[in-house]
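Hi there,

Here is the structure I promised to pass on. Have a look at it first, and my notes on the pocket and the disulfides follow below.

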Amino acid sequence: MRHPTNLYLLFLPLLLFLSFCWGQRADSDKPSCDRCDLQLSCNCSYGGFTSVPMVTGSALTLDLSFNNITEVTDDDLTGHGALRALSLHGNKLSVIHQSAFNSLRRLETLDLSDNQLTSLNHTWFSELAALRQLNLLDNLYSCLGSPLLFQGLVSLRRLAFGGPALEEVRRGDLSGVTQLEELTLHANNLKRYESGALAYIWPLGRVTLSLHGPFLNNTTLASAVIDDVSYPETHIVLEDLHLIGKQSVQPLTVINSRKVRNLSLHNLSISDATTVDLLVALDGASLTSFSCDVITLIGEGRWEPANTTDHKSINELYLRDIVVLDVFEFVSLLDLQFLLKWPRKMSVINSKVFLMPCPTSKLLKNLLYLDLSDNLLTDMTLTETLCGGHSTMKDLRVLNVSGNALKSLSLANHLVANLFKLTHLDVSRNGYISMPQTCTWPTTLRYLNISRAKLTTVTSCLPTTLEVLDLSNNDLKDFILRLPVLRELHLSGNKFLRLPQGSFFPNLQTLTIQSNTLNMFGPPDLQAYERLQNLQAGQNKFVCSCEFVTFLQSDIKEAGDVHLTDGKESYVCDSPLHLQGETVGQVHLTVVDCHQVLFVSVCCGVALFVGTLVCVLLWRLHVFWYLKMTWAWLKAKRSSRRRQHRDNVDADLLLSFDAFVSYSERDAGWVENFLVPELEETGENNEDEMNPRGNRPLSLCLHKRDFLPGQWIVDNIISAMERSRRTIFILSENFVRSDWCRYELDFSHFRLFDGTAGGDPAILILLEPLAKDDIPKRFYKLRKLMNSTTYLEWPLEEERRPEFWRSLREALSGEEEEEN
């Protein structure tokens, strides 16, 4: 029988193969998310996932919020050891396996809020020693559970826990958390709290407590929680407060006794009577900063009973999103002098303030900072608020009236002209459409924000004392104004075609000019800025020329210490078309693209050189001459054929001459005195022993005599050749040099070899010794003919001439005898 071990070894490969295939199939069934950016941040929120999807293993941030994930298994996050932040907020998580997060040893932020976790397990966090932020809000657990829940989180700095189901907080629940900077606790339904449970977490920089519901009415319980986290330097934030009645204010007296300096109330509704109780509870407190965000005032503002309370320690008063239910019955603020005369910093934001009367403004004697942004102020009501430019707020340093309904920049300038200590002015997000030519600003003004208006031009209205100027999101096309001490200039969202002239801003260090219509910029543009360090010029219409791409890809080293602080990924090509949408840093241009002018110049030079070389070669080989002669010959032949076809005459019947004589004008004497008399004037009675039949007179064609005047020379030559049986060339030095002879020789050359001249192609007569090399090289066929054809030489001796004439006649009459 086979041994079991051998069977195991036999089936082991099969088991491994099946295990691998099963794993592959399981992975293939797992959903995936590919929404990751270049910074390795994967946003998979609102994806409808029911389980943790697969993402790249190098992801640094993974957002899985607002899906339908119910469970996180041990293997879901395996291989994601690089993760720094993980969000599972807003899912349906009810089960997290014990080692689900064990592979995330570098995780710094974990958000498990707004799920359905009924209990918390300390094993989830046992390997998360690098975790700094943990959010466990709004789950279904009623207590924190194991006393060692946060024991291993030695780096934890921000912790948020609690929710509607939390009922109990005990001593030791936060054991191990000793260096917390921020704590958020939602304890609206807390029923049991062991005093001191939060006391040993010290010091705390910020504590946020949600105390809505019955918890706040349990004075003892609420006071114990607030007392444990209240320290002078701790910023206390109380959320979801509905203060009705003196009892609801009682727990806040602890803040007074613990000398807390910073108190914020968020999502607050309060009546007039309770407001008085609150002011009394905080009488003489050490508060330096008091803020209320999202406030509903139930009443008419009758807080006079608290006018004897002492709140002179309040240095900063911040009010945002105030809703007054009975706004038309709300009393004047003049009775609130006991509150208004102390603050040095006041903000009333997004509260539908349309007017602050001048008498009220005069109460703000110590004010250094005033923020009335996002309200309903107009030019007229702002004039009243600032007392027509004669405001008593002489120490005001910062004024923010952005996001209102202001129209006149000239009026705003007039209203602040007498604020002699004003350094910061924000009039952005208003309806300014023009800028006056001249303005009078406080000489102390350093910061001016006129962004998100409708300005089209910049004038000398801007003060030369500015160090920071924000003109972003207007309709500006240029900026021609010298600001010698300006350090920051913000011009994003305009219509600039180029960078402003750097020489106008000798001290500029930061320039933002994103989302304009810039095509490019280079070292000369940036070198004009003597001290520029930070540049943000992305999201423009860049033309990716070689110079610009090379400049940007070389980390703009040529520009000195300038850095692109908005990242090179925001620099995208708009043209040329084939590069549109590509990041400038990833563009690769060829040598032809980068040196197009040089390339074209070299190509043209090479083409010109080659063309010249070819032309010289063609000229040396007489190709042009051959082409010219060929074209002339074909043209003449075509004309001749048309005449023959038109007249319907046989070519042989058109022969009018026995020979066409081609000669030089300087040899005309020989032709006229010897050739013509001998061949044309000799009769039949002239008989001798050598020619018993006698000599028939011959008909010769001479250009001087037989060419038709007024016709093209080519037509005359071709016509004469066509009407002649033979061609006689009278060769001499004069013949070679004669232009006329060259014409005749040129065209007779073609006839000699086109098959129309029967018998001997030509008759050559040498009047004087002539070497074959003296004939132009372009007549290579004629030169060849002289090598293969016997030619006649004119004898100088008288006794040899009869033999010469007899040979010539035989040559001329050879064809006729053959025909006979």
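For the classes used below, Ala, Val, Leu, Ile, Met, Phe, Trp, Tyr, Cys and Pro count as nonpolar, Asp, Glu, Lys and Arg as charged, and the others, Gly among them, as polar. Please keep in mind that this is a predicted model.

With those classes, the lining of the largest pocket has 38 nonpolar, 7 polar and 1 charged residues. The pocket's volume is about 1300 Å³. Its lining is made up of 46 residues, and L297, L319, I322, F330 and L333 lie nearest the centre. Two or more lining residues come from each of β14 (262-271), α6 (272-281), β15 (289-298), β16 (316-324), α7 (337-340) and β17 (345-349). The most, 5 residues, come from β16.

- C36 bonds to C42, S to S 2.0 Å. The torsion about their S-S bond is about 105°, so this disulfide is right-handed. C36 is partly exposed at 29% relative accessible area, whereas C42 is buried at 1%.
- C358 is joined to C387, also by a disulfide. C358 sits in helix α8 and C387 in the loop between α9 and β19, 29 residues apart. Both are buried.
- C544 and C573 have their sulfur atoms 1.8 Å apart. With a torsion of about -95°, the disulfide is left-handed. Both of these cysteines are buried.

Happy browsing, and do write back with your thoughts!

Methods:
Residues numbered from 1 in each chain as written. Predicted model: local features only at pLDDT ≥ 70, side-chain atom pairs only at ≥ 80, totals over all residues. Heavy atoms only, no water. 1 Å grid on protein atoms, 1.4 Å probe; cavity = no way out; pocket = protein on both sides within 12 Å on 5 of 7 lines; lining within 4 Å. Points joined across faces, edges and corners; volume = space filled by probe spheres on them. Helix = DSSP H or I, 4+ residues; strand = E, 2+ residues; numbered from the N terminus. Disulfide = S-S within 2.5 Å. Buried < 20%, exposed > 50% of the residue type's maximum accessible area, 1.4 Å probe, protein only.
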